[in-house]
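I opened a notebook page for this structure. The entries below follow the order in which I looked things up.

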Amino acid sequence: PAHHALFRQMPKAELHCHLLGSVRHATFAALARKSGAPMSTQEIDAFYIRGEKPVGVLKALRALDQYLLVSADDLYRITFEYLEDAAAHGVRYSEFFWNPTGTVRVSGIPYPEAQAAIVAGIRDAERDHGIIGRLVPSIDREADPAEAVAMVDWVTTHRVPEVVGIGMDYREVDHPPEWFATAYASARRAGLRTTAHAGEFGMPWPNVRTAVELLHCDRIDHGYTIVDNPELARQYAERGIVFTVVPTNSHYLRTLPPERWALDHPIRRMVQLGLAVHPNTDDPTMHNVTPTGAWQLMYTHLGCSIAQLRDFMLNGLRAAWIDGSTRDAWM
Ligand code: ADE
Ligand code: ZN
């Protein structure tokens, strides 16, 4: 397709990708065999069906925690492979999510060992592929809010430079952001940066406002329903709040035929409202999207110009949790 080489080669920052949503199909199958998981090949394949809507992604992530990830070595492997695959698509810098609560409580791998394995994967991937990885432990909002406070305690107790902030994900429906105010306040007091999934799954714009105003998030993941409140969008555009959007994975996208994306897609409307967006893959292997593809879709399906893509790149650098001198050296 037109411009494919350009989209592949352009140096990218990735700010919204889930480690467990990046596991290669072959690795998923290998981990299932190794752990003796009670899952058929067909069940595994269903998580990866190409071109289908990604209904099963959260289930696939739960299956990984429940059956497939049994040792810290498994976390090392998926971290290294994710960063290797991202580097092959021109990603130079990635802040990626990982949910410690499931790893510790379900997989039974203690936090310090799990974190150390992921950090080792980050260091080896930088050595071998030149990509810089940063880890963003993410609150599992389907778990008890007390678990979120515990997670922040683990992060601050075992603090390493590769861990730059926290996020929050899983199912937003019936798990509102305000439940997690204590955990976010504690993270901020410890000097961690913060983001949260909000306004996804069609959940209305007040969740976006709560994430910004109550949780004091530095940026927002998804955030699509802010388009339903143009006045709030105007304010957040003015404040320069960056939204890490996912062209393959918005609630609205699943209900829109591709020929209407350029007109009705919430990401397109966010851009029109002047909001600062930055395109990402979210769960690349399970949604069958690459970093190249995410950027290319902004151009081919959402009608953004190359000049706008350049602005999105700068939004990403501005929103990245790197120190000022590193950012200046890049820009
Ligand atoms: N975890 C992985 N991908 C997610 C998404 N798109 N929304 C919420 N939680 C997730
Ligand atoms: Zn996400």
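Among contacts in the protein chain between residues at least 6 apart in sequence, what percentage join residues at least 24 apart? I found 76%, with a contact meaning two C-beta atoms, placed from the backbone, within 7 Å.

I noted that this is a predicted model, where local features need pLDDT of at least 70, side-chain atom pairs count only at pLDDT 80 or more, and totals for chains, interfaces and linings use all residues. Residues are numbered from 1 along each chain as its sequence is written, while chains are lettered from A and ligands numbered from 1 in the order in which they are written.

I looked up the fold next. The protein chain has 16 helices and eight strands (DSSP runs numbered from the N terminus, H or I of at least four residues for helices, E of at least two for strands). Its radius of gyration, taken over C-alpha atoms, is 18 Å, close to the 20 Å of the globule rule for 331 residues, so the chain is as compact as a globular protein of that length. That rule is 2.2 Å times the number of residues to the power 0.38.

I then checked backbone angles. Most residues other than glycine have a negative phi. Histidine 222 has a positive phi of about 70° and lies in strand β6 (residues 219-222). Histidine 222 is buried, with 29 other C-beta atoms within 10 Å; buried takes 20 or more, exposed 12 or fewer, and partly exposed lies in between, with C-beta atoms placed from the backbone. Asparagine 288 has a positive phi of about 55° and sits in the loop between β8 (276-279) and α14 (291-300). Asparagine 288 is partly exposed, with 17 C-beta neighbours inside 10 Å.
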